[in-house]
Amino acid sequence: ANVITELTNGQIEMLCLQPEDFHKINVWLYPLAYKDPGYHKGETFLLLTIDEWQSDEALSRRVPDYEDDNFVIFRYPSASRVFEEVITGD
C-alpha cells in the first residue's frame, strides 16, 4: 500500500489491512490520520481476495462491484462507511 501511495505521489492513498484479520487497522507503518474515519473524503474501495470475501459472513452476502478469479472489490461512498461496515477493531 505504501508503494502505491509513493508511486502516485500521494494521489492514491492506500491502507493495507491485516490479511489474517482485515477488520482491524495496524497503523504502525501508516500516518495516524488513517485511523480517523473522516480523514478521507470521497469514494473508497475495499479489495479482498476471494477467500477473504467468502470467509466473512457479512461481506459474503454482499454483491461485489468487481469480481474475478482472485479478487473482489467493494465500493463505498466514504471511508466512514468502510469503518462502519467492516473495520471494527483498533
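**Briefing: a predicted α/β model**

Three helices and three strands make up the secondary structure of the protein, where helices (H or I, at least four residues) and strands (E, at least two) are DSSP runs numbered from the N terminus. Read from the N terminus, the order is α-β-α-β-β-α. The radius of gyration is 13 Å, close to the 12 Å that the globule rule gives for 90 residues, so the protein is as compact as a globular protein of that length. That radius is taken over C-alpha atoms, and the rule is 2.2 Å times the number of residues to the power 0.38.

A word on the ground rules:

- This is a predicted model, so local features need pLDDT of at least 70 and side-chain atom pairs count only at pLDDT 80 or more, while totals for chains, interfaces and linings use all residues.
- Residues are numbered from 1 along each chain as its sequence is written, and side-chain values use heavy atoms, with hydrogens and water left out.

**Overall build**

- The C-alpha trace spans about 30 × 25 × 25 Å along its principal axes.
- Of the 90 residues, 28% are buried; buried means under 20% relative accessible area, exposed over 50%, and partly exposed in between (1.4 Å probe, protein chains only).
- Take the contacts with a separation of 6 or more: 49% of them come from residues 24 or more positions apart. A contact here means heavy atoms within 4.5 Å.

**Surface and charge**

**Aromatics**

- The structure has two aromatic pairs, meaning rings of Phe, Tyr and Trp (its six-membered ring) with centres within 6.5 Å; planes under 30 degrees apart are stacked, over 60 edge-to-face, and the rest tilted.
- One of them is Tyr34 with Tyr39, a tilted pair at 5.6 Å centre to centre and 40° between the planes.
- Tyr34 is buried at 10% relative accessible area, whereas Tyr39 is partly exposed at 38%.

- Thr5 sits in helix α1 and is buried, with a relative accessible area of 17%. Setting aside neighbours within four places in sequence, Thr5 contacts Gly10, Ile12, Glu13 and Met14.
- Ile4 is also in α1, but is partly exposed at 34% relative accessibility. Beyond neighbours within four places, Ile4 is in contact with Ile12 and Met14.
- Ile4 and Cys16 are twelve residues apart in sequence and 11 Å apart C-alpha to C-alpha.
- Asn9 belongs to the loop between α1 (2–7) and β1 (44–49), and is exposed at 69% relative accessible area.
- The phi of Asn9 is near 55°, a positive value in a residue other than glycine. Most residues other than glycine have a negative phi.

**Helix α3**

- Val82 lies in helix α3 (residues 79–85) and is buried, at 7% relative accessible area.
- Leaving out residues up to four places away in sequence, Val82 touches Thr44, Tyr76 and Ile87.
- Val82 and Trp28 are 54 residues apart in sequence, with 20 Å between their C-alpha atoms.
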